[in-house]
Amino acid sequence: MRILLKIALGITFIFSSLSFINTANALDIVFAEDRPDLRTLDPRITQSRHEEMLIVNMFDQLISADSEGNIYPGLATSWDVSSDGLEYTFSLRDDVSFHDGTKFNAAAVKATFDSIVDPETGSQGAVDILGPYKETIVIDDFTAKVVFERRYGSAITAFTETELSIVSPTALDKLGNEGFGMAPVGTGPFMFKNWEANKKVELVRNPDYNWAPEYMDGSGPSQVANLTYRLIKDTSTRVAALEAGEVDIAELVPPLDMRRFDSSGDLSTVTGTVSGLPYSAFLNTTTGVFQDVNVRKAFFHSLDRVKMTSDLFFGYAEAAFGPISSSTPSYWSGNEDYYPYNPEGAAALLDEAGWKMGSDGVREKNGEKLTVFFPCLLEPDTCVAIQGYANKVGFDVNVEVVMKARQDELIFANGYDMLVIRWVSLDPGVLIIPFHSRNIPQPGKFKFNWARYANAELDQLLEDAESAETQEVKDDLYMQIQKHIMDQAIFLAIHDQVQTVAYNPDLEGVRFANGNWQMRMYDVRKK
Amino acid sequence: MNFFIKKLLIVIPTLYIAWTVVFVTLNIIPGDPVNLMLGGRPASDEVRENVRKNLGLDKPVFERYTSFLINATKGDLGKSYLTRQPVTTMIKENMMPTIELSIGGLIFGVFFGVFFGIFAGTKPNSMRDTFSMIIALCGISLPSFWIGMMLIYIFGTTLGWVPIVGEGFVSLILPSITVGLFFAGGMARLTRSSLVDVLNQDYIRTARSKGISKYRIVLRHSLRNAMIPPVTLLGIQFGLLITGAVITEEVFARPGLGQLLLQAILAKDIPLVQALVVYMTAVYIFLNLIVDFTYGIIDPRIRLERNRG
């Protein structure tokens with residue numbers, strides 16, 4: 001009896017010490033994500049940066065980029081570009097396998113890219129990022145050649161994008177497009193485990209992961225054993241759950257709470273300046289008062305963007321000045337010299353344009369009031385701040401908070417004076433979408449040139465930049481493009497988009513993915 | 001029995017009309033599902049046209065309606081535009097959390113509603129009557145997002161007694177109180193007024209004169225007769241809950257039919273909205289039947305009248 005007891009005690013001891021070792025090395029992290037309505041976790045199909053928040057941790061790309069956009073080998077160890085810029089030959093890693101145990105190879109690259117351009121797949125993001133893709137040629141097991149129809153200046157950036165992650169062809173065959181989106185299979189540091197609709201998605205670490213990009217601190221499998229994405233839409237609940245310790249890391253924390261955590265030190269914070277289009281307004285050049293470039297310039301001068309941004313974001317976002325954010329490649333710092341806060345200058349410009357101050361504080365010309373109709377889809381508080389500043393120099397800004405469906409109607413009918421926008425994008429090539437004249441919306445045709453600005457010279461610059469041969473040429477062309485847009489005062493940048501993240505101060509290694517929106521959770525560990 | 005068969009025969013045309021009304025309304029109101037789905041993302045024309053084709057939105061409205069209808073008669077309510085999953089699967093996934101919350105709210109609401117109703121109704125115009133009715137008024141009028149946030153702040157953040165977004169039974173407590181308070185308010189007021197009426201009836205005076213104890217009079221003789229109006233209210237309110245408590249679901253980050261419907265409407269996800277509305281209509285009809293049935297149990301006279309008629 002006593003011997004049995006000793007054995008039992010011994011076993012208990014062994015197990016308890018084993019479980020101790022396990023917990024030391026098995027971090028469970030809960031990440032609070034703000035969107036509950038995830039639709040697919042298939043990188044080839046998604047168009048949502050919220051879905052990519054999870055996808056980026058389950059998949060790898062051929063080329064990997066850190067949060068600053070510096071390029072490192074990913075699933076490809078090296079690559080060559082042909083002299084005509086049409087062919088990209090990738091040497092692939094030979095030691096990588098998918099979560100389902102199948103081997104990663106050149107055939108998987110081909111299957112992924114070919115399926116992206118197949119209309120049956122219904123790709124919403126990746127197919128545009130893949131650009132003028134022609135085909136992938138499997139040269140041998142671990143060499144793949146991607147061929148484009150024409151020179152594609154954004155190709156290298158494109159291969160770092162989450163949407164061009166390599167997926168398991170075996171799993172695709174087995175699950176089909178719809179099934180794959182609900183249970184994705186990649187090569188990344190975390191594997192899909194479970195998805196409770198509108199509530200949470202659970203990932204577990206990939207025990208075989210041994211191909212982390214070299215900018216990561218760690219190597220081998222992640223120290224995070226279980227990674228749960230708790231989908232919490234209500235901002236105060238998200239912050240409360242973080243403070244109560246129910247979640248470890250939360251995204252989109254309000255600036256006021258960020259400031260509170262920074263001053264108390266209860267939670268650590270990190271802020272990312274998102275690359276792409278900052279929070280900005282298009283001024284409609286085809287109708288209403290903004291047809292006159294001087295009125296547009298006066299509107300720009302009337303806003304104190306620096307003060308407005310610091311009032312609204314408490315220092316967690318910077319004012320923006322150019323059509324792309326300062327963290328986007330090919331950003332031109334000359335943007336910052338344009339249109340400083342100058343209410344007197346604005347008044348002078350308006351006087352010159354014939355708009356005289358009326359008795360009610362609104363300017364008039366030939367009996368017509370200086371009225372601006374401003375449907376506001378994003379950040380109503382910023383829209384109202386703009387309204388307040390512009391009013392001081394005599395604009396009557398009529399802000400209407402709209403839903404997406406209403407905004408679409410107004411775009412089709414050309415029934416607005418200004419509209420706001422913000423985009424996440426890794427490449428300045430995105431500028432062709434909102435500024436090329438072929439992208440002016442028509443009734444029933446949704447497009448993004450909301451300034452409705454048509455200029456052959458700008459069109460040519462945008463087209464040339466898309467197929468620029470060298471980085472220097474590309475930078476120069478995008479400089480000219482930004483200068484043109486600023487000279488014409490058609491796009492009013494207000495502030496940089498920021499991703500505000502707060503987390504448990506016992507953790508370290510919390511880092512942004514390229515673009516500064518998604519978080520790479522691989523390096524997260526206890527201090 | 002006739003009575004229930006008659007009622008059941010109305011169900012199918014009612015569901016068909018509800019379903020058609022949703023289809024027509026969603027096609028009239030502005031907004032293109034493809035644009036709404038692609039959000040602010042700079043998707044190309046090719047992507048837009050391809051999505052439109054994949055969803056069958058390139059076909060004329062009438063053709064879409066008839067093919068929806070034909071599939072529906074086969075029991076296939078279609079796939080969501082947003083997730084491409086069958087809408088029935090999506091409803092099933094969100095149904096359990098809604099039922100849990102409804103039952104939690106029901107238990108909490110009935111318990112406190114009846115308690116405060118009796119507490120107030122047995123001694124009208126007293127201090128305790130006023131006190132109970134103030135509580136009831138608060139329950140009805142305080143918005144649930146405020147109550148939810150206060151409960152989170154007090155019991156979740158400050159005291160740390162219950163999880164805010166956690167798992168299992170404990171995580172159901174705060175949301176149940178939030179929806180239950182609204183429930184309890186109405187129940188308490190109706191129970192009180194109904195009880196006051198009944199306690200003034202002749203047979204209660206007879207019972208009193210027979211020397212039956214006060215508790216027995218309230219619990220055995222009065223309450224049963226007083227429960228008809230509160231049970232009617234209960235049916236309506238439970239119907240509201242079982243179709244989803246949008247705000248409570250959002251505050252406590254719970255999945256549920258309310259959130260699902262909201263997302264579907266904002267995105268003009270027509271198949272999903274149609275299926276949800278049909279489901280909700282069916283639940284209402286079913287709950288009405290249950291309430292009718294309960295009347296008969298509470299008061300056998302109603303059952304007799306019904307059989308005669």
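Strand β6 (residues 133-140) of chain A pairs with β7(A) in the antiparallel sense over six bridges, where pairing requires that DSSP find at least two bridges between two strands. Strands (E, at least two residues) and helices (H or I, at least four) are DSSP runs numbered from the N terminus. The model is a predicted one, in which local features need pLDDT of at least 70 and side-chain atom pairs count only at pLDDT 80 or more, while totals for chains, interfaces and linings use all residues. Residues are numbered from 1 along each chain as its sequence is written, and chains are lettered from A and ligands numbered from 1 in the order in which they are written.

Two residues separate β6(A) from β7(A), and the two strands form a hairpin. Within this pairing, A:Glu135 stands opposite A:Val147 of β7(A), and A:Ile137 has A:Lys145 as its bridge partner. Strand β7(A) also pairs with strand β5 (residues 87-92) of chain A, to which five bridges join it in an antiparallel arrangement. Here A:Phe90 lies opposite A:Ala144 of β7(A). Strand β7 itself, residues 143-148 of chain A, has two faces: A:Ala144, A:Val146 and A:Phe148 form the covered one, and A:Thr143, A:Lys145 and A:Val147 the uncovered one.

Two loop residues of chain A deserve attention for their backbone angles. Most residues other than glycine have a negative phi. A:Leu252, however, has a positive phi, near 45°. The residue is found in the loop between β11 (249-250) and α8 (255-264) of chain A. Because A:Leu252 has 18 C-beta neighbours inside 10 Å, it counts as partly exposed; a residue is buried if 20 or more other C-beta atoms lie within 10 Å of its own, exposed if 12 or fewer, and partly exposed in between, with C-beta atoms placed from the backbone. A:Tyr339 likewise is not a glycine and has a positive phi, of about 50°. The loop that holds A:Tyr339 runs between α10 (305-313) and α11 (343-352) of chain A. With 23 C-beta neighbours inside 10 Å, A:Tyr339 counts as buried.

Chain B contains 15 helices and zero strands. Its C-alpha atoms fill a box of roughly 85 × 60 × 30 Å along the principal axes. Of the 309 residues in chain B, 37% are buried. Among contacts between residues at least 6 apart in the sequence of chain B, 73% join residues at least 24 apart, a contact being a pair of residues whose C-beta atoms, placed from the backbone, lie within 7 Å.

The domain assignment divides chain B into domain 1 (2-73) and domain 2 (87-308); such bounds come from an automatic or database assignment. The C-alpha centres of these two domains of chain B lie 33 Å apart. Contacts between them involve 15 residues of domain 1 and 13 residues of domain 2. On the side of domain 1 of chain B that touches domain 2, the elements giving two or more residues are α1 (2-28) and α2 (33-38) of chain B. Helix α1(B) gives the most to that side, with 11 residues. By type, the residues of this side of domain 1 comprise 12 nonpolar, two polar and one charged, where Ala, Val, Leu, Ile, Met, Phe, Trp, Tyr, Cys and Pro count as nonpolar, Asp, Glu, Lys and Arg as charged, and the others, Gly among them, as polar.

Helix α6 (residues 127-141) of chain B has 15 residues and should span 21 Å at 1.5 Å a residue, which agrees with the 21 Å between its end C-alpha atoms; the expected span is 1.5 Å times one less than the number of residues. Its buried residues are B:Ser132, B:Ala136 and B:Gly139. Seen down the axis of α6(B), these buried residues fall within an arc of 55°, so they line one face of the helix; the arc is that of the directions from the helix axis to the C-beta atoms. They pack against α5 and α8 (173-199) of chain B. The face of α6(B) turned away from the buried side carries the exposed residues B:Met127, B:Thr130, B:Ile134 and B:Ser141.

Finally, the two chains meet through 40 residues of chain B in contact with 38 residues of chain A. The elements giving two or more residues to the side of chain B that touches chain A are α2, α3 (45-54), α5 (87-121), α7 (144-158), α12 (246-251) and α13 (257-266) of chain B. Helix α3(B) gives the most to this side, with five residues. The residues on this side of chain B divide into 19 nonpolar, 15 polar and six charged.
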